[in-house]
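Here is a short tour for anyone with the model open on the screen.

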Amino acid sequence: MLPGLQVTQSEGQFPDMNYQQTLAYLNAQLPMFHRVGGAAYKANLDNTLALCNLLENPQHSFKSIHVTGTNGKGSVSHMLASILQTHGFRTGLYTSPHLKDFRERIRVNGKKIPVAFVNAFIRKHKEDFGKIQPSFFEMTVGMAFQFFKEQQVEIAIIEVGLGGRLDSTNIITPLVSVITNVSFDHMQFLGNSLEKIAREKAGIIKPGIPVIIGETHPETKDIFLQEARKSKSAILFADQHYSSHKINWSGKQNWLVADILCHDEMFIPHLASPLGGNYQLKNILTVIACCQALNDQGIPVSKQDICYGIRHVITQTGLLGRWQIICREPLTICDTGHNPGGLKEVLSQIASVPHQHLHFIFGVVNDKDLNPILGMLPRTATYYFCKPDIPRGLDSGELKHKAHKAGLTGQDYTSVQAALAMAQQTAGPDDLVFVGGSTFVVAEVL
C-alpha cells in the first residue's frame, strides 16, 4: 500500500464487496467501451462533471499533461511518467485499456492503485453511481483523480481513452496538451476522415496551453494550427524540430539506440530505449518536445532525466505489450498495434527481423473495419485465427472466413492460448511467431 493511503473510512453501505466482486460490478453495471463497444460511448462530459463535483473536483489538486492520438499515446504517457519520476516528482499515470489487471490503469510512481482503494471507492460511492449512471470509463477517471489527490501527486500524465473533445478526461487544464498523431480508428464515433478525427483530438487544446503535435501530416496540420490559433496556444510539431538517427536495434536484447538531433544538431547522443519498436523513435521525439515545453514553463526536466527515464520506462512504469519478446525459442513477439496506422509500423518491424517463416496469431474485435487491415497483412505467413475472450471479440471462424476471402491462409482455434501453443509447436528454430491484431489478444498471452 502506498504511503498515506487510508481506506477504512470509505466503506459506506457496501462493506462486504471484495475485489473480484467490485470488478464484476464495474464490468456488468457500467459498460466499458473496450469490452462492449458503442453502448459505452457518451457524447458529452455531463456525467464526468457530475461525478467530479461529487468528489469535490479532485482534478484541481494536481498539475497534469494530457495525451491523445491514434497511436503511441500509451508509450508517450509511460515515457513521460518515467522521466518525471526520475526527476523526483510524485507522478500519477492514468492509461487505458489495461492488459492484465484493472489496476494497471492508475499508478503513482509506477505502483498500481491498491485493491483496498478500488474496493473502498466503489463501496463509498455505489449509491451515487446509481443516480449519476456513469460509464465504466467515467467512473474510472473519477477514481484516478481521487486517488491522485489523496496521494498528493504533484503531476499526472492523463491519457485520453477515445478521441479527445468528448473524452471523460477532458475536464482537466493541463500544463501541456500532446497529440501524437492521427490515423483511422473508431470512425463510428470520431468521423470517417482524417480531418474529422483530427478535430476531435484537437478538442483537448485549451486556451493558452501549449500543444505538441508528434507527427506532421498534410491532411491535419492546418486543423491543429487553426485550433491552436483560436485558443491562443503555442503549437510545436515535434518532427519539425527534432529528428533521430537509429544506431542499432538488437533483436535478441530488443533495445533501440539512436542519436537525437535538434534542427540537425546533436541533442542527445546514443539514447537507449528498451522499447524495441522502430516506431518508438517518433514517440521519443514527441516526449522530448513535451519535456522542452515543461522546461519553458519553469518545470526543470534535464537531458539526464530524459535518458534515464526512457531507459528505465518498463521497470519504472510497468509498460507492457509494445514490441515485447515473450519467448526466444522460437522467437515470439507481441504488439498491441491494432489499427491501420499501428499495424503498418508493426509489419515494417516484422519485415526487419530476420526469420525463415512468419506464424501470425491474429484476433480482432467485432466492430473492426477488417478490409483495410486484411489487405495489409503478408500473404506468405501462416495464420492462427482466434477470438479474444471478451464479449466484443470476433468469432474465430468468422474471422478465418473473411481472412481466407482476402487471400490469407490459416486455421481457427478455440482460444488465444490454443493458437499460441500450436504456433510455437509448429514454428521452426529460425521462424518468427507474432501475436497481435487486438490489445486483448496480447493481454491474454501476457
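Lys 402 is partly exposed, because its relative accessibility is 36% (buried means under 20% relative accessible area, exposed over 50%, and partly exposed in between, with a 1.4 Å probe and protein chains only). Glu 398 is also partly exposed, at 36% relative accessibility. Lys 402 and Glu 398 form a salt bridge, with their closest N and O atoms 3.4 Å apart (a side-chain nitrogen of Lys or Arg within 4 Å of a carboxyl oxygen of Asp or Glu). Both residues lie in helix H16, 4 residues apart, about one turn of the helix.

A word on the source: this is a predicted model, in which local features need pLDDT of at least 70 and side-chain atom pairs count only at pLDDT 80 or more, while totals for chains, interfaces and linings use all residues. Residues are numbered from 1 along each chain as its sequence is written, and side-chain values use heavy atoms, leaving out hydrogens and water.

The structure holds 10 salt bridges, including these:

| Salt bridge | N to O distance |
|---|---|
| Asp 101 and Arg 103 | 3.1 Å |
| Lys 230 and Glu 227 | 3.2 Å |
| Lys 402 and Glu 398 | 3.4 Å |

Asp 101 and Arg 103 are both buried. In the Lys 230 pair, Lys 230 is exposed at 63% relative accessible area, whereas Glu 227 counts as buried at 18%. These two are separated by about one helical turn, because they are 3 residues apart in helix H9 (residues 221-231).

Back to helix H16 (residues 396-405): this helix lies across S14, S15 and S16, and runs at about 170° to S16. Helices (H or I, at least four residues) and strands (E, at least two) are DSSP runs, numbered from the N terminus. Angles run from 0 to 180 degrees between N-to-C directions, with axes fitted to C-alpha atoms, for helices over the stretch in contact; contact means heavy atoms within 4.5 Å.

Which order do the 6 strands of the open sheet follow? The order is S12-S13-S17-S14-S15-S16, with mixed pairing (two strands pair if DSSP finds at least two bridges between them). At the edges are S12 (324-328) and S16 (409-412), each pairing on one side only. Strands S14 (residues 358-362) and S15 (residues 382-385) run parallel, joined by 4 bridges, and Phe 360 stands opposite Tyr 383 in S15.

Another open sheet has 8 strands in the order S4-S3-S2-S5-S1-S6-S7-S8, again with mixed pairing.
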